[in-house]
Amino acid sequence: MSIDFAVMYATHDAFRRDLARLATAAGQGETDRPGVRAGWENFTRQLDVHHTVEDAVLWPRVLTALTDRPRDRELMAAMEAEHAALHPALDSVEEGFRRPTRDLAERVDTLARILGDHMEHEESSALPLIQEVLTTKDWGDFRGAMARKQGPSGAAVYVPWVLDGATPRQRHTFLAAMPRPVSMINTALWERRYRNRNWWR
């Protein structure tokens with residue numbers, strides 16, 4: 001059975017969407033708005049959760065399966081290095097929020113390029129390798145670790161955040177990959193709470 005990467009792709013798309021919103025806000029000089037600041041804070045939290053669990057749970061498991069494959073181990077090292085390279089770019093944008101600067105839009109562009117390149121590299125190279133060397137149980141363990149890191153309150157934000165702006169097809173694909181009660185709870189409660197936050201507006 002092949003691994004279903006629907007949730008991973010949807011999460012990456014949500015990061016790309018938020019970066020586009022941040023770039024628009026920076027370009028229009030609107031980063032001082034509370035909704036933009038709150039959207040940025042959620043973006044950085046979601047990114048931290050995502051990469052922390054990858055570093056702690058996913059990449060070590062992949063490396064264990066690559067004992068005699070030095071070239072593929074180099075790819076995993078590149079994934080970790082790309083995660084590390086994001087920190088200065090994130091800090092630079094955060095500093096731009098705290099101390100308004102004329103080059104904030106450029107800092108956002110730098111972050112978008114670094115994160116965008118990393119996600120593209122992961123999707124084109126790391127995910128096919130994961131499909132080859134890990135089992136669906138391995139992937140399920142990673143998903144479980146991600147859910148524990150988020151916790152119930154985190155899930156209540158994460159799910160409607162991913163679905164913000166999704167097409168009906170994207171929405172169906174993502175929710176089909178989640179536990180069955182998630183769709184009902186999201187529709188009944190989480191999405192309304194998420195909309196009331198007015199992030200990025």
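Tutor: Start with Q150, which lies in helix α5, residues 136–163. Helices here are DSSP runs of H or I with at least four residues, strands are runs of E with at least two, and both are numbered from the N terminus. This is a predicted model: local features need pLDDT of at least 70, side-chain atom pairs count only at pLDDT 80 or more, and totals for chains, interfaces and linings use all residues. Residues are numbered from 1 along each chain as its sequence is written, and side-chain values use heavy atoms, with hydrogens and water left out.

Is Q150 buried or exposed? Q150 is buried, because its relative accessible area is 9%. The cut-offs are under 20% for buried, over 50% for exposed, and in between for partly exposed, with a 1.4 Å probe and protein chains only.

Now its contacts. Setting aside residues up to four places away in sequence, Q150 touches R45, Q46, V49, A155 and Y158. Contact means heavy atoms within 4.5 Å. By contrast, take V108. It is 42 residues from Q150 along the chain, and the two C-alpha atoms are separated by 26 Å.

Next, N42. This residue sits in helix α2, residues 34–64. N42 has a relative accessible area of 7%, so it is buried. Beyond its neighbours within four places in sequence, N42 is in contact with V157, W161 and W199. G116 is 74 residues away from N42 along the chain, with 18 Å between their C-alpha atoms.

Y158 touches Q150, and W161 is in contact with N42. Y158 and W161 belong to a cluster linked by ring pairs, together with F15, W40, F43, F97 and F174. The structure holds nine aromatic pairs. Rings of Phe, Tyr and Trp (its six-membered ring) pair if their centres lie within 6.5 Å; planes under 30 degrees apart count as stacked, over 60 as edge-to-face and the rest as tilted.

Move to the segment after α7. Helix α7 covers 180–197, and N198 is found in the segment after it. W200 is placed in the segment after α7 too. Most residues other than glycine have a negative phi. N198 is not a glycine, yet its phi is positive, about 55°. W200 is not a glycine either, and its phi is positive at about 70°. N198 counts as partly exposed because its relative accessibility is 39%. W200 is at 13%, so it counts as buried.

Now the whole chain. It has seven helices and zero strands. From the N terminus, the order is α-α-α-α-α-α-α. The radius of gyration is 17 Å, which agrees with the value near 17 Å for a compact globule of 201 residues. That radius is taken over C-alpha atoms, and the globule rule is 2.2 Å times the number of residues to the power 0.38. Along the principal axes, the C-alpha atoms fill a box of roughly 50 × 40 × 25 Å.

Of the 201 residues, 45% count as buried. Among contacts between residues at least 6 apart in sequence, 80% join residues at least 24 apart. The chain exposes about 10700 Å², and carbon and sulfur atoms supply 52% of it. Accessible areas come from the Shrake-Rupley method with a 1.4 Å probe; for residues, only the protein chains shown count as cover.
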